[in-house]
Amino acid sequence: MGQLFAVEIIYRGVFQKTLAKNICRGIVLSAHNEGKPGLSFGRYSDSPERNGIPAKSYAIVATDDETLEAGMAQYSPKQFDITVVLDDTLCKGLESWAWMGLQPVNHFLKSNATLAVISNAHPDTLLKFIHFHDKPYRLGTFSGIPSFSGMWNFKDDHTDVRVLGVIAKAMPELFSWTSLKKYIAAKVKDGAAKVGSAKLAYERFDTVEVKVGEGNTEPLRQYVRPKWEGMREGTTVVGMAHGGPMKDPVTGEAGGYRPVRSDTFLKFTSRTLRPVINFETCTKCTLCWLNCPDAAFDVTPDGLYDADLQACCGCGVCEQICPVSNCITMVSEHQFTDNSSEWVAFKKDKAAYKTWVAAKSAVAVPLDQRSNGYRYKGQYKEQISAALEVANKG
Amino acid sequence: MATIAVEQHKHVEQEALITGAEAIAVACKLADVDVVTAYPIRPYDTVMQYISQLVADGEMDCEYIAAEGEHSQFEIVKHASACGARVFCGSSGVGWMYAMECLTVTPALRIPMVAMVGNRALDDPGAFGVEHNDALSVRDLGWNLIWVNSAQECLDTALLAYRIAEDRRMMVPVAISCDGSFLTHSQALVKVPTQEQVKEFLPPYDRGELLMHPDNVISIAPQCNEDWVMEIRRSNYAVTERALDVITECYADFERVFDRKVGNPFFEEYMTEDADVVLVGMGTLSTPARVAVRKMRAEGQKVGFVRLRWFRPFPAEALARCLSRFKAIGVVDRDYSLGSPHLSGVVATEIRSALYPGTGPKPPVLGFICGLGGREVLVPDIEKMTDFVSQAAAGKSVPLTQWIGLRE
């Protein structure tokens with residue numbers, strides 16, 4: 001048996017789908033410049049057309065055809081030499097269609113393998129989010145933005161070649177810088193300019209060692225799948241129970257309504273932004289509650305609406321529908337380390353909560369400047385130049 | 001007279017990193033398909049997306065019609081083909097079933113349509129993983145059915161499918177089955193033949209006297225009852241009598257033009273020469289099977305794998321001759337056939353039937369149902385099934401049908 005290399009690209013569904021695919025193609029074709037056979041594919045049981053949902057693409061490369069075939073004899077690889085995370089908010093873990101429970105981003109890393117994350121944050125900051133691992137590994141970040149684009153678009157901001165540069169640095173035995181350069185120059189649109197971007201990423205990428213057990217110690221949800229005789233007949237599943245009133249954390253008063261939600265699919269890892277709610281400016285108009293596509297809002301005993309941050313997938317409809325200008329603000333997930341209730345915090349200490357809301361809202365990008373796709377003509381060009389600036393600064 | 005040196009296989013093939021579905025789209029482009037109809041369903045939709053891209057990029061010239069459902073999708077190409085157009089379409093799972101009325105008439109009208117079936121579990125429950133029951137549902141109707149195992153085989157088979165389907169002795173449709181995910185969504189390095197090679201291999205579509213055209217006034221599919229139907233059915237039956245020979249001939253010519261060694265067109269034997277027991281299966285099951293066979297061989301077991309390509313026409317005689325050499329056989333079905341003999345899968349039942357009338361030895365045939373809905377079939381699963389077959393070869397009593405990889 002020869003040597004098998006497996007690379008995993010973790011991305012946000014639909015926005016980064018073409019980006020992830022292009023990276024995996026680049027891996028296979030760069031390694032093929034060294035005569036290695038390879039294959040690239042998406043995790044089929046994902047549903048990568050859903051906005052923001054964590055999804056994966058893979059590239060497997062081998063030193064010979066038989067070894068590659070052995071690598072293909074499964075749905076997806078179970079051990080990776082390098083995992084690349086295309087959006088650092090994914091470091092909180094993945095809950096996709098293809099996985100029950102919360103899967104850490106480093107879950108399938110081999111011992112001493114590399115976790116590379118596109119992020120402007122320091123590795124230490126990311127380790128607050130990234131779960132502990134049972135093997136030591138190397139963590140490296142490289143600066144950039146998540147390169148989100150719309151449904152069928154590809155934001156050609158050089159992120160694909162920069163990721164390839166990072167992989168060449170972390171795993172020269174997969175493909176060398178020379179092989180990568182040859183691939184970019186020959187096969188990638190605007191190749192001459194992109195070689196420069198890839199080179200910067202190649203030269204600057206560096207890693208730190210992460211020890212066994214280091215990182216977020218949050219316990220991971222575990223599920224047991226039923227045996228066939230334990231399942232109901234007729235392709236039926238039992239519906240959710242009805243919800244009930246909530247309880248005020250201070251007075252103990254009961255009221256409002258909290259629905260029972262799925263405890264096997266929580267949805268929050270689809271989120272890059274979360275609603276920060278200023279309960280003091282809320283007019284109790286009900287619009288956020290009525291329009292939330294995921295029924296993520298609870299009705300509190302005092303008639304407010306609190307987003308359940310396990311169930312919220314961060315779509316931002318509440319912010320857009322809210323008639324009050326300073327009530328709901330979507331803020332980057334980087335600002336938060338847990339999913340605890342904002343309303344409970346508000347009830348416990350209103351003054352502290354007011355300060356907290358002001359601080360979090362202050363770092364939010366204004367709604368009209370924020371986009372997963374393109375909202376107006378010319379936005380693509382604007383964003384590309386901003387992205388290239390980041391790319392060239394390294 | 002001056003001699004002209006003819007260089008064999010002088011054409012330089014290009015290499016492309018494409019999925020199996022994209023490979024079929026490339027074959028459609030090379031075959032200069034005239035009419036393509038599309039309606040999205042995963043995993044078939046990868047082929048329609050790629051064809052639409054080829055058309056949009058100006059690389060392919062065809063009528064590309066997005067139908068309002070699979071029924072119309074298959075009806076439109078049927079009519080276009082009757083009028084002399086080379087056609088392509090396809091579907092998956094319940095989409096294929098929704099087109100069923102058109103699928104039944106396509107062979108009866110001698111329409112040489114080529115369709116891609118991205119194999120998908122039939123709803124319910126909603127699932128998009130591979131199961132072979134969708135394509136197998138037309139197994140009695142006159143469709144030629146082939147299962148493939150690699151992106152390269154997708155491209156090659158699509159070219160072969162047009163040649164075979166449009167052969168005047170055939171004039172019946174071919175469905176190419178590609179396992180959802182493994183083939184439809186994995187990009188592999190594929191050798192793309194040149195247009196000249198394809199021209200040499202694939203003559204223009206010629207329906208002859210079956211062409212619907214003002215210069216050839218015919219009526220297609222009249223109402224006719226008991227005094228006509230049996231004779232019409234017999235005419236399609238005659239196609240199946242000729243099919244194995246025509247396919248063999250087309251593959252021989254394919255090998256000549258494209259310089260590829262396919263060998264036996266109907267099934268591929270892997271490490272069977274001195275095998276005591278073998279497993280038989282279709283499609284991408286072959287990948288874990290081959291890896292497991294190599295592993296078990298290294299451990300000293302004499303085992304092999306037979307990958308069945310053409311399910312219709314079923315190569316009964318040749319397969320029976322091959323399989324009767326072994327002490328026991330295990331058939332891996334990625335399908336179910338509820339209430340069938342011994343409650344086995346479709347392929348196991350067909351293989352038992354193929355072995356029965358022969359005068360040769362009749363080794364025990366075990367049926368295994370596994371990999372349904374896209375469930376992984378891993379190397380240990382193959383080892384487990386092989387172990388059961390070895391037990392049967394040793395004369396032990398083993399159930400005729402077992403489910404493998406089930407939570408029980």
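Among contacts in chain B between residues at least 6 apart in sequence, 80% join residues at least 24 apart; two residues are in contact if their C-beta atoms, placed from the backbone, lie within 7 Å. This is a predicted model, in which local features need pLDDT of at least 70 and side-chain atom pairs count only at pLDDT 80 or more, while totals for chains, interfaces and linings use all residues. Residues are numbered from 1 along each chain as its sequence is written, and chains are lettered from A and ligands numbered from 1 in the order in which they are written.

Chain B has 13 helices and 15 strands. These are DSSP runs numbered from the N terminus: helices are H or I with at least four residues, strands E with at least two. The C-alpha trace of chain B spans about 70 × 60 × 45 Å along its principal axes. Of its 408 residues, 51% count as buried, meaning that 20 or more other C-beta atoms lie within 10 Å of a residue's own; exposed means 12 or fewer, and partly exposed is in between, with C-beta atoms placed from the backbone.

Most peptide bonds are trans, and most residues other than glycine have a negative phi.

| Cis bond | Omega |
|---|---|
| Asp124(B) and Pro125(B) | about 0° |
| Arg312(B) and Pro313(B) | about -5° |

Pro125(B) is in the loop between strand S5 (114-119) and helix H6 (133-136) of chain B.

In chain A, Ser147(A) has a positive phi of about 60° although it is not a glycine. Ser147(A) counts as buried because it has 26 C-beta neighbours inside 10 Å.
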